[in-house]
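Here's a quick briefing to read with the model open in your viewer. Take a look at the structure, then go through the points by topic.

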Amino acid sequence: MPETAAVPSGRRRVSAGAVLDSFFFVLAGFASVWLAVLLATESLGLGWGLLWFAVLFWALLAYLVLPRLHRILTRLYVPDYFIGRTRTSDGLLGDPVNLAITGSAEQLHAALAAAGWIRADDVTLASSWRIVTATVSRRSYLRAPVSPLLLFDRVQDFAYQQEVANNPAKRHHVRFWRCPDGWMLPGGHRVDWVAAGTFDRAVGLSLFTLQITHKIDEHTDVERDHIVASIRQAVPETRLVLIRDFATGYHSRNGGGDTIQTDGDLPVIDLRAVPGEAGAVVELTGLS
Amino acid sequence: MTRPDARARVKRPASVIGGVLLMGVRALTGGFAILTVLASWDTFVATIVLNGEKLAQSDPPAAGAVLGWLLGAYGLYLVLYLGLAALVFTGRNWARVVAMSFASVSILLSFADYALNGAQITLRTSLVSVTIDILILLALSSTQARHYARARRAARAAR
């Protein structure tokens with residue numbers, strides 16, 4: 001009898017609602033590709049309207065079609081566990097996780113403020129519009145929002161930045177995620193926060209989605225060391241545990257297609273220090 | 001005591017707002033079509049064909065009644081559709097699924113017509129309505145829209 005077939009066999013049960021959602025998600029992806037084809041066909045018949053249509057076509061492609069296709073595909077092949085990389089909202093591998101912190105949220109906020117870092121605004125319609133106008137007119141926007149990157153399946157808890165030369169296109173910035181309770185870094189190191197710091201050097205188009213985005217500097221280690229140095233200078237009692245070769249050094253690309261490279265070291269900033277005592281630097285190296 | 005806070009924190013994402021707005025546009029274009037028919041009633045009555053003959057010539061009142069019924073049914077559908085949009089806005093998951101199903105059926109029918117019958121989908125024909133349907137499906141099937149509907153459902157269940 002077919003009744004026995006209805007008994008769930010695997011340990012992971014998938015609800016009918018989730019299957020339906022996935023179906024509509026993928027169908028919408030295909031439909032959007034078809035829409036792009038229709039618009040491209042339509043534009044061939046237009047003379048003077050071609051430019052206007054090209055902009056519309058690009059917007060459709062960059063903000064609807066390509067992100068949806070990336071989502072569908074990255075859900076299948078990009079690992080969802082911690083591999084030392086953040087992910088963009090489209091599921092692509094984003095900026096490298098290159099910093100960890102032990103300490104409370106208050107200690108972290110205080111240390112960053114002392115080191116001259118400014119907290120970024122949350123992404124809203126108003127703040128997004130302001131960063132566009134500020135970038136175009138080259139006006140300073142010290143609290144400019146940063147784009148969302150995901151780790152532990154959620155957007156960063158907060159981000160800090162330092163604008164360079166009063167130009168919103170160039171800035172130091174670092175995103176922070178609170179680690180889940182009981183979570184440990186690969187290798188068994190317990191930390192409270194992990195962070196991804198990179199330097200925005202210009203505004204350009206993403207290689208993968210064609211969206212307008214910040215391009216980051218290739219040398220992410222320079223930015224990592226800048227963040228550590230600025231905090232240690234402002235709060236001298238900060239202890240530093242430098243995990244050498246936490247990851248293998250690598251060359252790769254981030255979610256916008258910018259090349260990145262790192263030596264794979266991971267500094268852990270310990271903010272639970274005794275005031276008045278100079279913080280030690282401890283280097284952890286592997287067996288060799 | 002944390003429950004009301006948790007519910008208040010579920011922010012309506014832009015994709016839901018956009019999807020509902022597009023559903024509104026879809027209903028508006030339907031309303032506009034009804035107005036067009038009403039404005040040139042006699043012309044449309046004359047086009048009604050039943051059993052191979054023009055109904056307006058043999059039985060003019062019946063032809064008017066058929067058109068009236070058709071328009072009434074379509075109007076009712078549009079009102080229900082607007083109600084559906086309102087429910088999507090408040091985060092009802094079943095309403096979202098029904099709205100996505102409507103859009104999917106419409107898109108698949110258009111695509112079948114395009115692929116099998118070689119129908120031309122241009123600005124002069126149905127490009128705008130196909131575009132709206134695809135955008136509705138894209139918006140409501142997005143992860144944010146799904147999370148929003150799920151979170152609202154969880155919040156309602158917790159009440």
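**Chain A at a glance**

Chain A holds five helices and 17 strands, where helices (H or I, at least four residues) and strands (E, at least two) are DSSP runs numbered from the N terminus. Keep in mind that this is a predicted model, so local features need pLDDT of at least 70 and side-chain atom pairs count only at pLDDT 80 or more, while totals for chains, interfaces and linings use all residues. Residues are numbered from 1 along each chain as its sequence is written, and chains are lettered from A and ligands numbered from 1 in the order in which they are written.

**Overall build**

- The C-alpha trace of chain A spans about 70 × 65 × 35 Å along its principal axes.
- Of its 288 residues, 35% count as buried; a residue is buried if 20 or more other C-beta atoms lie within 10 Å of its own, exposed if 12 or fewer, and partly exposed in between, with C-beta atoms placed from the backbone.
- Take the contacts in chain A with a separation of 6 or more: 61% of them come from residues 24 or more positions apart. Two residues are in contact if their C-beta atoms, placed from the backbone, lie within 7 Å.

**Two domains**

- Chain A splits into domain 1 (15–77) and domain 2 (85–284), with bounds that come from an automatic or database domain assignment.
- The C-alpha centres of domain 1 and domain 2 of chain A are 32 Å apart.
- Ten residues from domain 1 of chain A and seven residues from domain 2 of chain A make up the contact.
- On the domain 1 side, that gives six nonpolar, two polar and two charged residues. For the classes, Ala, Val, Leu, Ile, Met, Phe, Trp, Tyr, Cys and Pro count as nonpolar, Asp, Glu, Lys and Arg as charged, and the others, Gly among them, as polar.

**Helix H2 of chain A**

- Where is the kink in H2(A)? Helix H2 (residues 50–77) of chain A bends by about 40°, centred on Leu61(A); the bend at a residue is the angle between axes fitted to the seven residues ending there and the seven starting there.
- Leu61(A) is also one of the buried residues of H2(A), a list that includes Leu60(A), Leu64(A), Pro67(A) and His70(A).
- What do these buried residues pack against? Their partners are helix H1 (16–44) of chain A together with helix H7 (127–140) of chain B.
- Ala59(A) also sits in H2 of chain A, but counts as partly exposed because 13 other C-beta atoms lie within 10 Å.

**Where chain A meets chain B**

- The contact takes 15 residues from chain B and 14 residues from chain A.
- On the chain B side, helix H6 (93–116) and H7 are the elements that give two or more residues.
- That side of chain B has ten nonpolar, four polar and one charged residues.
- Leu27(A), in helix H1 of chain A, touches Ser104(B) and Leu137(B), not counting residues up to four places away in sequence.
- Is Leu27(A) buried or partly exposed? Leu27(A) counts as partly exposed because it has 19 C-beta neighbours inside 10 Å.

**Strands and sheets**

- Four strands of chain A form an open sheet in the order E2-E1-E5-E6, with antiparallel pairing; two strands pair if DSSP finds at least two bridges between them.
- Its edge strands are E2 (93–96) and E6 (154–155) of chain A, each pairing on one side only.
- Strand E1 (residues 85–88) of chain A joins E2(A) in the antiparallel sense over two bridges, and Arg85(A) has Pro96(A) as its bridge partner in E2(A).
- Elsewhere, strand E14 (residues 250–253) of chain A pairs with E15(A) in the antiparallel sense over four bridges, and Ser252(A) stands opposite Ile260(A).
- Five residues lie between the strands of that hairpin, in which Gly257(A) takes a positive phi near 90°.

**Around E15 and H5 of chain A**

- Strand E15 (residues 259–262) of chain A has a covered face, Ile260(A) and Thr262(A), and an uncovered one, Thr259(A) and Gln261(A).
- Asp221(A), in helix H5 (residues 220–234) of chain A, is in contact with Thr262(A) and Asp263(A), leaving aside its neighbours within four places in sequence.
- Asp221(A) and Gln261(A) are 40 residues apart in sequence and 7.6 Å apart in space, C-alpha to C-alpha.
- Asp221(A) counts as partly exposed because it has 18 C-beta neighbours inside 10 Å.
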